[in-house]
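Work through the exercises below with the sequence and the model open. Try each task before reading its solution.

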Amino acid sequence: MAKPKAEHARRTTPLGDVLAQMIAADGPMAVDRFFALALEHPEHGYYMGRDPFGRAGDFITAPEVSQMFGELIGIWCAAGWQMMDAPAEWNLIELGPGRGTLMADALRACSVMPGLRDGMTVHLVEMSPELRKVQGETLRRSGVEPVWHDRLEDVPDGPSLIIANEFFDALPVQQLQKQAGRWHERVVGLDGSGELAFGLTEDPVPDALLPPWARDAEDGAIAELSPAREAAAKEIGRRITSHIGAALIIDYGHARSGVGDTLQAIARHQFADVLARPGEADITSHVDFEALAAAITAEGAKAYGPVTQGEFLTKMGLREREEMLRKRADARARIRLSKGAQRLVAGNQMGQLFKVLAVTHPDMPKPAPFNIEPEGRA
Ligand SMILES: C[S@@+](CC[C@H](N)C(=O)[O-])C[C@H]1O[C@@H](n2cnc3c(N)ncnc32)[C@H](O)[C@@H]1O
C-alpha cells in the first residue's frame, strides 16, 4: 500500500475499532468493502439500529419533505398498472423504503383506481430491522400487510412496479485513482498512529478493467465503479422483461458517466469526514445513471431519461396537486405545502441534482411523463 493521503481522522466509534482490527489482521480494505461495512455491519452498521430521518436525524428525503412526492409516484403507479393491462395479481415493490412514507402516500393516491388494490401485494426490500418496524407501523395505517425481503432477487416474479428512491446511492462503490499514468484501487488502511486513512494499492488495475470514459483522465482523477449497483439494476431489468412491469429510479447523481470523487458522509445534516465516524454517519456516493441504464437495457428493458426531479415532478402535476391541497389547508399548512414543493423542484435544492430514470418492458408504451414530449431514450 502506498503512503496514505493526509485525509484521515481519529477513530471514535465502535465500528471504527472493528475496522481497524480487521485491517491490522488482513491488510487494507477496498473502499466498497468499507462502504458496505459502514452501512451494513450486522452489529454496528449505520442502518442496522437507527431511524436516521428527519430533523432529529441525519438527513431528510423527498417523501419526508412533502406528501406530494409519494402521491405523484402513486399516480405514476396507477398509470403503470393500466399500461400493464391491469393484471389481476401483481407486485408493488419498493427498494429501501425508509420510514414507509413514500409507500403510504403512493398507496393513498393510486387507490383511486378501481380494482388496482384487489390483487396487489406490497413487497419491501429492506435490510434494516429497525426500519422494518417503522415501515410496518406506517403501512398498517394504510391497510396493507407488506412482505419484507433482504434482496430484490427474493421477491416472487410476476407483473411488477418497482420504486427506488435514494436506494442506489446506499449501495457501495469502488474507487480507482490515477497516479503516475496508471490507475490504482483506493483502499482504507491505517496510518502511523493506527487511524483509518485512505491509500492506494501498490499494483495498478489492468487497463482492460477500466471503462472507456476513464482512460484519458489526468493524474489524481478518481473513477467510481459499482458492481453492486449494476447488479441491482440488472435484476430490475431482468424482472421487468421476464413478465411485464415498470420501474422508477430516483436518486442524486449524474446523467453521464465521468470521473470525480463523490463519496460522502452525512451526519446531523452536515457533510462529515468519510472515515471519521464509521457506523454513525451515512455513507453514500452519487449515482451514475448512464451505468444503471446500460445494465437495465442490456437485459432487454427500455430506459427513459434520466430527467431532473424538478422536470419529472412538474410534468407529473406537482403544481396542480399543490393547488388542490391548498384549497383545504389552513395558513400554516399552505406555507408547508409551498415550501415543500419548492424544495423538491428548485434547481438549487433537490430539483436539479436528483434525477429520475423510468424503465419499462419493451412492449409497453412510454411511461408518464415521458409520453408528454417525444424525448424518450430506448
Ligand atoms: C436513504 S434511505 C431512503 C429511504 C426512502 N426511500 C426515502 O426516500 O425516504 C435508504 C434506504 O435503503 C435501505 N437500504 C440501504 N442499503 C440497502 C441494501 N443493501 N438492501 C436493502 N435495503 C437497503 C435503508 O435501510 C433505507 O431504508
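## Exercise 1: Helix H8

The model is a predicted one, in which local features need pLDDT of at least 70, side-chain atom pairs count only at pLDDT 80 or more, and totals for chains, interfaces and linings use all residues. Residues are numbered from 1 along each chain as its sequence is written, and side-chain values use heavy atoms, with hydrogens and water left out.

Task: state which residues of H8 are buried and which residue caps its N-terminal end.

Step 1. H8 covers residues 289-297.

Step 2. Apply the burial cut-offs: buried means under 20% relative accessible area, exposed over 50%, and partly exposed in between, with a 1.4 Å probe and protein chains only. The buried residues of H8 are Phe-289, Ala-291, Leu-292, Ala-293, Ala-295 and Ile-296.

Step 3. Look for the cap. A polar contact is a pair of N or O atoms within 3.5 Å; within protein, one must be able to donate a hydrogen and the other to accept it, and residues adjacent in sequence count only if both atoms are side-chain atoms. A side-chain oxygen of Asp-288 lies 3.1 Å from the backbone nitrogen of Glu-290, and Asp-288 caps the N-terminal end of H8.

## Exercise 2: Aromatic rings

Task: say how many aromatic pairs a search of the whole structure finds, and classify the pair Tyr-46 and Tyr-47.

Step 1. Rings of Phe, Tyr and Trp (its six-membered ring) pair if their centres lie within 6.5 Å; planes under 30 degrees apart count as stacked, over 60 as edge-to-face and the rest as tilted.

Step 2. The search of the whole structure gives five aromatic pairs. In one of them, the ring centres of Tyr-46 and Tyr-47 are 5.2 Å apart and the planes stand at 75°, so this pair is edge-to-face.

Step 3. Check burial. Tyr-46 has a relative accessible area of 0%, so it is buried. Tyr-47 is buried too, at 11%.

Step 4. Take another pair. Tyr-304 and Phe-370 are 5.9 Å apart from centre to centre, with 35° between the planes, and the pair is tilted. This pair links distant parts of the chain: Tyr-304 is in strand E15 and Phe-370 in the segment after E16, 66 residues apart. Both Tyr-304 and Phe-370 are buried.

## Exercise 3: Two helices

Task: describe how helix H10 (residues 318-327) and helix H11 (residues 331-345) are arranged.

Step 1. Two packed helices are described by the angle between their axes and the distance between the axes.

Step 2. Axes are lines fitted to C-alpha atoms, for helices over the stretch in contact, and angles run from 0 to 180 degrees between N-to-C directions. The axes of H10 and H11 come within 10 Å and cross at roughly 170°. That makes H10 roughly antiparallel to H11; the cut-offs are under 35 degrees for roughly parallel, over 145 for roughly antiparallel, 65 to 115 for roughly perpendicular, and oblique for the rest.

## Exercise 4: Gln-175

Task: list the polar contacts that the side chain of Gln-175 makes with the side chains of Arg-186 and Glu-224.

Step 1. Gln-175 lies in strand E6 and is buried, with a relative accessible area of 0%.

Step 2. The side chain of Gln-175 makes a polar contact of 2.6 Å with that of Arg-186, and one of 2.9 Å with that of Glu-224.

Definitions and conventions: Helix = DSSP H or I, 4+ residues; strand = E, 2+ residues; numbered from the N terminus.
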